Amino acid sequence: MNRFKRQWAGYGLTAPSYLWLTVTVFLPLLVMFYFSFLSQMPLGKAEPSLTLKQYGLFFQKDFYRFLTWRSIRLGIDVTFFCVLFGYPAALILARSVKGRWREAVLLLIVLPFWSNALIRIFAWTIVLRGNGVVDQAIHVAWPGAPSIGILYSYPAIVIGLVHSFLPYMILTCYISLQAIDGSLIEAGRSLGASHFRIFRRIILPLSLPGLLIGVVLIFIPVTGSFMEPRILGGRDGIMLGTVIEDQFTEVFNWPLGAALSFILLAIVLLICALAYPLLKSRLRLA
Amino acid sequence: MKNWKQWSRRAAMLAIGAAMMGTAGLHGTAAADEVHVLNWKGWGTDEPWAVEAFEKATGIKVVHDYITSFPETFTKLRTNPGYYDVVVLNAAFIKQAADEGLIQPLDTAQLKNFNDLYPDMRDSPQMNFDGKVWGAAWMWGGTSVSYNTEVFKTPPTSLAVLWDPAYKGRVCWRDDPEDSVRFAAMASGQNPDAPADMNKIRDKLRALKPQIKAFWKSGDEWLKLVAAKECDLSTVWTNNTEAAAVQDKLPISFIVAKEGAIAFRDGMTMGKDAPNPKGALAFIDYMISKDFYAGWVKVGGAPVAANQKAVEELPESSMTRTILATPEAIGRLNFKGPLTDEQRQSYLDLWQETKAYFAE
């Protein structure tokens with residue numbers, strides 16, 4: 001009886017958040033999913049019919065596939081650099097930084113979240129521009145130095161996005177890393193394991209869930225990003241995300257925009273699904 | 001079947017309505033002493049001094065809602081019927097809006113400044129049809145080629161300069177499918193309103209690959225590019241070029257190339273079932289007055305008024321009077337005609353494909 005009650009209390013307490021998720025995430029997505037099968041928007045005098053035309057267009061036009069690959073490569077590159085910088089930072093934060101300092105550093109990591117994403121990206125245009133802040137600083141030290149302006153290029157997009165998404169990686173890894181029981185590491189050390197072995201056999205496997213969550217949290221939105229590539233990428237700024245944005249804003253073709261979005265979502269989920277068992281088996285192995 | 005269609009339409013309305021909730025949807029019904037204006041942000045009607053002057057003179061409060069593209073105007077009019085009083089519309093779209101029953105004719109007897117408009121703009125068939133006046137000609141302007149006056153001691157004369165290898169990586173291009181196709185059409189000797197050979201246009205646009213430094217979408221983005229000396233040439237609105245030269249003191253001017261330039265014309269229209277038609281006419285009358293234009297020119301960023309008396313009061317030296325509004329330059333302007341949805345989509349597809357090629 002008591003257990004039964006507790007169960008219901010659990011349902012009752014979580015119901016509002018599920019309801020909220022249903023209304024804010026699931027319903028709009030469902031409407032968009034429905035739109036993606038329409039021949040055109042049902043407005044004015046238009047008489048839409050149900051069709052797979054929008055999905056077919058993706059396979060008819062080569063550049064959609066090219067841009068899908070570009071978007072996925074962007075996701076891979078940005079996620080790679082986030083792991084490269086974020087994981088060691090989280091490791092040091094969780095293992096070596098103590099007390100007050102740890103709180104201060106965590107605050108500094110979260111700080112970028114408090115500013116508007118657009119502002120951050122525009123700030124990068126000032127930094128990365130030829131004759132920009134970095135260039136001028138270098139020229140003060142070395143007057144004859146060549147310009148390193150990399151704004152309006154693929155690396156500029158990667159830099160901007162890594163900066164935007166790095167905090168996710170640090171925070172998710174940090175949470176896993178700081179939960180690792182210190183006595184496990186002591187035990188390993190007392191049994192003669194090297195630093196590297198401790199890392200490989202204890203720390204990495206135990207922090208893998210945080211790392212994976214970070215990867216998913218970064219990879220999925222980056223593949224769909226459009227604002228950062230457009231502002232930082234110049235001639236290299238076109239991604240599937242910007243193409244989708246244009247369908248909504250330039251030509252009012254919501255059905256095609258929705259179809260392209262769901263194709264990208266499907267591909268990204270497929271990649272995650274394929275990668276999951278692989279990582280899971282490694283996890284068990286370790 | 002019929003029910004299904006009705007249902008799907010209602011679902012679409014609901015979804016779009018929900019998407020627009022942040023803007024008009026939340027304003028609720030209008031008070032009698034308000035006019036609801038739909039326009040681009042920073043495009044004249046929301047100049048703070050002008051809103052203040054109008055509110056002071058009439059006691060009518062001006063409430064703005066903004067668009068970021070023309071299709072959005074139509075979306076907002078369709079999803080919020082009876083909300084907007086004054087709608088700024090490109091002349092090429094006025095007929096479509098009237099046909100769809102989104103706007104209503106104007107009683108021009110109530111507009112004191114109507115007779116000061118350039119006759120050919122005032123009586124343009126784009127605003128006058130079915131024996132009624134559907135829009136008051138308001139502003140016009142061009143999209144042309146601007147150049148850095150320090151790089152070009154003598155101004156270029158032809159659009160070919162955009163493809164000149166001497167300016168490789170020095171061109172800033174407006175990221176707009178329609179403008180891109182129109183420029184390529186003019187540069188390849190075709191009618192920009194109905195280009196006959198789209199393959200030629202595709203090749204012409206692809207040939208821009210080495211030339212382009214960056215794309216811009218908002219006037220502000222363009223100004224930052226020019227101020228940072230990222231480009232020697234750009235495709236840009238003439239009024240933005242003039243503002244950059246006059247206010248920001250940048251070394252820049254524009255040309256109306258021998259192949260032509262793109263021009264647009266904006267009209268002021270009244271929303272169907274406007275809640276405050278009297279206020280709407282009062283606002284339109286103020287907007288087409290030379291007083292308003294003089295004020296807009298003073299603060300900068302103004303295009304060219306359709307009010308002849310207003311243009312005649314511009315300083316003799318202004319770029320508008322010396323470069324754009326000269327009789328021979330006006331003759332080379334290609335005033336945008338209407339595009340069908342299919343054309344718009346095919347232009348966007350072509351432009352996206354071209355940009356994908358640029359990124360290869």
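Visitor: How many bridges join β8(B) to strand β9 of chain B?
Guide: In this predicted model, strand β8 covers residues 171-174 of chain B, and strand β9 covers residues 212-216. The two strands run parallel, and the number of bridges that join them is four.

Visitor: Which residue in β9(B) is the bridge partner of Arg174(B)?
Guide: Arg174(B) is among the buried residues of strand β8. Its bridge partner in β9(B) is Trp216(B).

Visitor: Which residue in β10(B) is the bridge partner of Cys172(B)?
Guide: Strand β10, residues 233-237 of chain B, is joined to β8(B) by two bridges, and these strands run parallel. In β10(B), the partner of Cys172(B) is Ser234(B).

Visitor: Are the residues on the two faces of strand β8 of chain B buried or exposed?
Guide: In a regular strand the side chains alternate between the two faces of the sheet. In β8 of chain B, Val171(B) and Trp173(B) lie on one side, with Cys172(B) and Arg174(B) on the other. Both faces are covered, and these four residues are all buried.

Visitor: What is the relative accessible area of Arg182(B)?
Guide: Arg182(B) belongs to helix α6, residues 177-187 of chain B. Leaving aside residues up to four places away in sequence, Arg182(B) touches several others, including Pro192(B), Asp193(B), Ile262(B) and Leu339(B). Buried means under 20% relative accessible area. Arg182(B) counts as buried because its value is 0%.

Visitor: How many helices does the secondary structure of chain A come to?
Guide: Read along the sequence, chain A follows the pattern α-α-α-α-α-α-α-α-α-α-α-α. Its secondary structure has zero strands, and the number of helices is 12.

Visitor: What share of the 286 residues in chain A is buried?
Guide: The C-alpha trace of chain A spans about 80 × 75 × 35 Å along its principal axes. Among contacts in chain A with a separation of 6 or more, residues 24 or more positions apart account for 68%. Buried residues make up 40%.

Visitor: How far apart do the end C-alpha atoms of residues 12-35 of chain A lie?
Guide: An unreviewed UniProt entry places the feature "transmembrane region" at several spans of chain A, including residues 12-35 and 198-220. Residues 198-220 are 100% helix, and their end C-alpha atoms lie 31 Å apart. Residues 12-35 are also 100% helix, and the separation of their end C-alpha atoms is 34 Å.

Visitor: What percentage of residues 68-275 of chain A is helix?
Guide: For these residues, an unreviewed UniProt entry lists "domain: ABC transmembrane type-1". The end C-alpha atoms of the span lie 18 Å apart.

Visitor: What area is buried between chain B and chain A?
Guide: At this interface, 43 residues of chain B are in contact with 39 residues of chain A. Carbon and sulfur atoms give 60% of the buried area, which is about 3,600 Å².

Visitor: Which residue forms a salt bridge with Glu221(B)?
Guide: Five salt bridges are found across the interface of chain B and chain A. In the one that involves Glu221(B), the closest N and O atoms are 3.7 Å apart. The partner is Arg230(A).

Visitor: Which element gives the most to the side of chain B that touches chain A?
Guide: The elements that give two or more residues to this side are α1, α3, β9, α8 and α15 of chain B. The one that gives the most, with 11 residues, is α1(B).

Methods: Residues are numbered from 1 along each chain as its sequence is written. Chains are lettered from A and ligands numbered from 1 in the order in which they are written. This is a predicted model: local features need pLDDT of at least 70, side-chain atom pairs count only at pLDDT 80 or more; totals for chains, interfaces and linings use all residues. Side-chain values use heavy atoms; hydrogens and water are left out. UniProt positions are given in the numbering used here, feature names are shortened, and annotations may be inferred rather than shown by experiment. Buried means under 20% relative accessible area, exposed over 50%, partly exposed in between (1.4 Å probe, protein chains only). Contact means heavy atoms within 4.5 Å. Two strands pair if DSSP finds at least two bridges between them. Buried area is the accessible area (1.4 Å probe) that two parts lose on being put together, summed over both. A salt bridge is a side-chain nitrogen of Lys or Arg within 4 Å of a carboxyl oxygen of Asp or Glu.
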